[in-house]
2 protein chains.
Amino acid sequence: MVEVKNELATYAQALCHPVRIAIVELLLSQQCCYHGDLTDHIPLAKSTLSQHLKVLKEAGLIKGEINPPKTRYCIDDKVWQKAAKMFYHFFEVLPPTPVNCK
Amino acid sequence: MVEVKNELATYAQALCHPVRIAIVELLLSQQCCYHGDLTDHIPLAKSTLSQHLKVLKEAGLIKGEINPPKTRYCIDDKVWQKAAKMFYHFFEVLPPTPVNCK
DNA sequence: TTAATTGTTCGTAAATTTGCGAACAAAATG
DNA sequence: CATTTTGTTCGCAAATTTACGAACAATTAA
């Protein structure tokens with residue numbers, strides 16, 4: 001890291017691992033928040049899953065209300081929309097390549 | 001990596017480093033393709049920049065025509081649009097949280 | 001109260017990422 | 001032809017990431 005951490009890079013970083021994508025997709029597929037055992041869906045040690053959840057939490061994309069035996073993980077709407085906007089904008093800025101572009 | 005590499009994760013991976021974001025933004029800001037010395041814009045060793053470019057190239061997001069003393073780096077429109085669509089879709093699927101969501 | 005359930009934190013090992021300089025390649029220029 | 005320019009590749013070291021099991025909370029259930 002050679003400079004100030006880019007916010008977009010932070011979100012990308014949170015989403016750059018297949019397991020974290022899977023976790024987020026699972027949360028997205030829920031009517032409301034997810035509660036239950038994530039290891040039912042993703043075959044990893046719970047400590048490993050906990051670590052991935054931590055990454056997503058620290059990026060702000062999800063929030064969890066954890067009253068130890070019971071847990072609830074949700075996408076954080078607000079941050080999610082913000083990240084969405086940043087990605088939208090990032091990908092939008094590409095103008096069509098001019099035909100005379102060499 | 002515990003499973004088949006997720007394509008979205010691959011793009012996120014390519015974009016998860018501030019320097020790579022900076023490189024892509026530089027390329028996006030060009031009328032056409034970029035040619036010149038990237039170290040003018042990003043204060044890193046050229047070998048390091050070369051590595052970051054390699055990551056972006058392997059993800060397919062950029063392409064470079066390198067005839068050694070001269071170089072041209074471009075966003076790869078096709079892959080870019082594909083990645084854009086994947087991110088759009090990924091972020092779009094979030095329905096508004098129901099008010100009765102507990 | 002004791003056991004069961006569920007999740008986090010800690011320590012550790014293996015793999016990957018990041019960054020650098022040195023060495024190397026390949027074309028342009030003197 | 002030698003030098004300059006520009007970029008890649010090759011070690012190498014430091015930092016980070018990933019994954020695991022063990023130990024540790026904290027609440028629920030027996």
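E65(B) sits in strand β1 of chain B, which covers residues 62–67 (strands are DSSP runs of E, at least two residues; helices are runs of H or I, at least four; both are numbered from the N terminus). The model is predicted, so local features need pLDDT of at least 70 and side-chain atom pairs count only at pLDDT 80 or more, while totals for chains, interfaces and linings use all residues. Residues are numbered from 1 along each chain as its sequence is written, and chains are lettered from A in the order in which they are written.

Is E65(B) buried or exposed? E65(B) counts as exposed because it has 12 C-beta neighbours inside 10 Å (buried means 20 or more other C-beta atoms within 10 Å, exposed 12 or fewer, partly exposed in between, with C-beta atoms placed from the backbone).

Turning to chain A, its order along the sequence is α-α-α-β-β-α, and 25% of its 102 residues count as buried. Helix α3(A), residues 46–59, spans 20 Å from first C-alpha to last, close to the expected 20 Å (1.5 Å times one less than the number of residues). After α3(A) comes G60(A), with a positive phi near 90°.

Beyond four places away in sequence, L61(A) touches residues including V24(A), L56(A) and W80(A) (contact means C-beta atoms, placed from the backbone, within 7 Å).

Terms used: Contact = placed C-beta atoms within 7 Å.
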